[in-house]
Amino acid sequence: MSATTRRPAAARRLAPLVTVGALLALPVLSGCTDNTRSANDGPSADPRALTVSASDTDCAVSGTQAPSGKLTFTVTNSGSKINEFYLLAGDGLRIVGEVENIGPGITRDLVLTAPAGSYFTACKPGMVGDGIRAPFTVAESGQAGATDANDGELVAAANANYASYVRDQTDQLLSKTEEFAAAYEAGDDAKARALYPVARTHWERIETVAESFGDLDPKMDLREADLEQGQRWTGWHRIEKDLWPQRAKGYKALSAAQRATFADDLVKNTKTLHARTRDMTFTVDQIANGSRGLLDEVATGKVTGEEEYWSRTDLYDFQANVDGARIGFEGLRPILASRDKALDTQLDARFSDLQTLLDQQKSGDGFKSYDAVSKSDIKALSDAVNALAEPLSKLTAAVS
Amino acid sequence: MPEQSEPKVPAADPTPAPEGAGAVEPDARPRGRFSRRRALGAAGVGVAGTAVGLAGGIGVARASVEPPAPAGPKIYPFYGDHQAGITTPAQDRLHFAAFDVTTTDRAELVSLLQDWTTAAARMTQGEGAGEYGPTSGPYDAPPDDTGEAIGLPASGLTLTFGFGPSLFRESGRDRFGLAARQPAALKRLPLFPGDNLDESRSDGDLCVQACADDPQVAVHAIRNLARIAFGRAAIRWSQLGFGRTSSTSTSQATARNLFGFKDGTMNLKAEDPAGVDAHVWVPSGADPRAAWLSGGSYLVTRRINMTIETWDRQALSEQERVVGRTKAEGAPLSGGGEFSQPDFTMAGRGNEPIIATDAHVRLAHPDNNHGVQLLRRGYNFVDGSTGLGRLDAGLFFMAYVTDPRTHYIPLQTKLSRTDGLQEYLQHTGSALFAVPPGAKSGEHIGQALFA
């Protein structure tokens with residue numbers, strides 16, 4: 001979707017994770033926060049449910065051991081400083097799972113799957129130092145969390161592959177955009193119209209990454225509907241309207257000089273985006289969130305036919321978002337397969353189901369105009385997006 | 001409290017009972033003028049209810065989280081210095097209607113307001129819309145009340161009326177000789193970034209807000225007022241709301257919106273009369289053209305759709321980041337409880353602010369908006385589903401403010417531009433109304449405007 005108004009949130013999908021470099025270091029076990037249980041729940045007889053009272057000076061865990069399997073630490077900050085809670089591996093270094101930014105008085109869950117072994121629990125009031133540590137033992141129960149000694153390598157490989165994908169897509173985006181801009185400036189509208197959805201495909205495949213640059217995105221991908229009063233409209237959709245003015249009332253075509261201004265501006269911003277993506281790095285969380293985020297984009301902007309209001313080339317964007325989401329998923333599959341095989345299988349099937357429906361809308365090398373897609377087909381596409389997006393929203397927790 | 005926010009509860013009636021006293025079923029009563037209040041009073045149902053008990057009586061729907069309310073009629077006075085339905089503890093249900101005035105005759109417009117006032121004064125007291133009521137009157141004439149509220153108590157019904165900018169001037173035309181009295185602040189709201197407004201859900205010459213704890217009572221009121229208006233005014237759009245999202249009294253727990261979060265924690269409350277005076281009522285002398293509005297207010301309504309399905313797929317961490325509060329308690333992420341002051345400077349991991357820069361609570365908080373506060377009275381709505389099988393749902397936002405130019409437009413401009421929540425919202429309807437002060441007995445609503 002291309003609303004400035006929506007930009008900051010899109011950027012958020014990437015931003016918060018930048019701080020969790022430690023996770024990248026080696027999530028041998030799955031850890032995530034999960035507050036499905038109410039903080040008000042009383043003590044539980046479940047030996048895998050533990051509570052932690054974290055004060056400024058103390059870290060009181062309700063037990064020192066648990067059977068292997070899925071453990072939940074319900075951490076309440078009873079102190080006055082921001083606190084953090086960690087489960088560390090027996091070496092006291094590797095972070096198995098963590099919850100951060102627990103404000104005073106706030107309760108948050110750490111849910112993770114722990115195999116048998118020796119660990120440390122640690123609270124870190126004020127977010128400084130080594131934390132208040134205590135030994136913690138997980139006993140073999142037969143419900144092991146699978147460990148995979150290769151996880152670290154798999155994570156590194158997934159990150160490197162995704163960074164490479166982003167670089168490749170921005171390379172293609174830049175060259176196609178330059179080609180598009182040249183045709184448009186030269187007044188070759190037919191060529192420009194043909195190149196428009198092709199160039200944008202490379203944008204849409206990495207849309208969540210592109211949107212993370214909050215300064216560039218509104219200049220490049222803002223839709224007219226999202227303009228503020230008095231705001232100057234530039235970028236892809238400004239040119240789109242000039243190339244497909246049929247739905248505009250009383251539209252006045254841009255002059256050659258105006259065309260040059262908008263086209264040059266788009267190329268300049270694309271170059272900036274290109275430069276910034278050269279040395280980007282990613283975490284598994286970012287890749288997984290980005291994958292889900294691309295499906296959100298489909299659901300909110302493409303299925304509804306809002307994104308390409310003038311050109312009606314929404315299906316190109318639709319496919320490109322799905323491409324990008326699938327690349328993210330595929331890259332994480334080696335990790336996911338050992339963590340949650342059922343989810344892996346389900347996501348694979350749902351991606352295929354959606355692709356089957358998209359394939360039915362193909363026309364020549366590209367796609368039908370969105371106007372030519374029947375209501376029932378749009379509903380079927382929308383249902384398939386929901387069917388995929390719901391399990392896809394579980395990916396981050398499963399791989400991080 | 002300037003406004004009569006204390007529910008007036010009929011005391012156990014020591015006077016001679018009306019005919020049929022002791023009859024529990026309304027239809028067991030003899031024919032005669034229908035009064036739902038009297039019916040219940042006569043039946044002796046819940047008349048021991050006290051004002052305190054009733055104020056806490058949030059209704060059956062929330063009986064699981066709040067002590068069950070004593071059964072009994074909850075009745076608010078219609079006449080007073082301010083209109084009821086503003087600082088009145090927010091009822092559970094809403095039917096809001098905007099009207100286009102169809103007559104071009106000023107006298108007919110005035111007669112409509114007179115008739116509405118009379119009917120509203122009756123219905124809010126638990127009586128029928130007309131003189132005879134739903135089952136009485138000439139046998140060869142349709143009843144002057146439509147009847148679906150028979151047997152239902154007043155349910156705290158309030159009816160609140162307002163005037164839209166187009167009543168004063170439309171396309172530059174002074175429709176009713178009121179243009180010279182149009183308040184300077186009463187202008188169509190500007191288009192905010194991301195607005196996707198539907199004209200058929202926006203604006204209006206007149207509005208009526210019906211709030212009650214029973215949806216059928218609220219709908220009954222709008223239906224009868226619309227019927228009375230035929231030929232003089234017609235409904236332009238209307239909106240049902242099924243769950244209050246704001247508390248306007250400290251006696252009420254903070255309700256949740258459809259994002260599942262507590263909404264309106266920082267709302268102005270009736271128990272803060274100084275705040276209400278400063279931020280809700282139009283002071284005398286505020287606008288020399290519009291002295292008639294002194295003691296009134298401005299009502300902003302926004303139909304805000306939520307992309308429910310997308311929201312539901314966001315991690316809890318993302319949901320809390322965007323709102324800036326915990327989902328469980330509504331505590332600011334900087335700590336404490338629901339009503340703790342957020343610490344916007346507190347730094348969390350990586351030296352990033354623990355309440356994100358685009359968190360809703362940061363952007364909307366009075367401390368970051370020159371102390372501006374709103375009296376919000378919004379309701380959750382679900383208008384079925386869309387053609388894509390998604391819930392057509394969200395928040396019907398209503399806020400009463402002393403001046404929209406200082407108390408709404410700057411805030412919404414900022415939120416539309418930078419609020420993280422905006423990712424999951426789309427504003428689809430918008431309107432602004434001037435809400436005149438309350439009528440005194442014998443007057444009609446807005447009488448000073450026509451004087």
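**Chain A, then across to chain B**

Start by selecting domain 1 of chain A and domain 2 of chain A: their centres, taken over C-alpha atoms, are 39 Å apart. The assignment puts 4–16 + 152–399 in domain 1 and 29–147 in domain 2; such bounds come from an automatic or database domain assignment.

Before moving on, some housekeeping: this is a predicted model, where local features need pLDDT of at least 70 and side-chain atom pairs count only at pLDDT 80 or more, while totals for chains, interfaces and linings use all residues. Residues are numbered from 1 along each chain as its sequence is written, and chains are lettered from A and ligands numbered from 1 in the order in which they are written.

Next, select residues 159–395 of chain A, which UniProt (unreviewed entry) labels "domain: Imelysin-like". UniProt positions are given here in the numbering used in this model, feature names are shortened, and annotations may be inferred rather than shown by experiment. This span is 70% helix and 2% strand, with its end C-alpha atoms 15 Å apart. Helices (H or I, at least four residues) and strands (E, at least two) are DSSP runs, numbered from the N terminus.

Now pick α7 (residues 236–243) and α8 (residues 256–277) of chain A: their axes come within 10 Å and cross at roughly 145°. Axes are lines fitted to C-alpha atoms, for helices over the stretch in contact, and angles run from 0 to 180 degrees between N-to-C directions. Show Trp236(A), Arg238(A) and Ile239(A) from α7(A), which meet Phe262(A), Ala263(A) and Leu266(A) of α8(A). Contact here means C-beta atoms, placed from the backbone, within 7 Å.

Which chain A element supplies the largest share of the side that touches chain B? Across that interface, 40 residues of chain A contact 39 residues of chain B. Select α1 (7–12), β7 (95–102), α9 (284–302) and α12 (375–392) of chain A, each of which supplies at least two residues of that side. The largest share, seven residues, comes from α12(A).

Last stop: chain B. Select α3 (residues 106–123) and α5 (residues 215–229) of chain B, which pack at about 155° with axes 10 Å apart. The pair is therefore roughly antiparallel, a label for angles over 145 degrees. Show Leu112(B), Asp115(B), Trp116(B), Ala119(B) and Met123(B) on α3(B), then Ala221(B), Asn224(B), Leu225(B), Ile228(B) and Ala229(B) on α5(B), to see the contact.

Terms used. Angles under 35 degrees count as roughly parallel, over 145 as roughly antiparallel, 65 to 115 as roughly perpendicular and the rest as oblique. Two residues are in contact if their C-beta atoms, placed from the backbone, lie within 7 Å.
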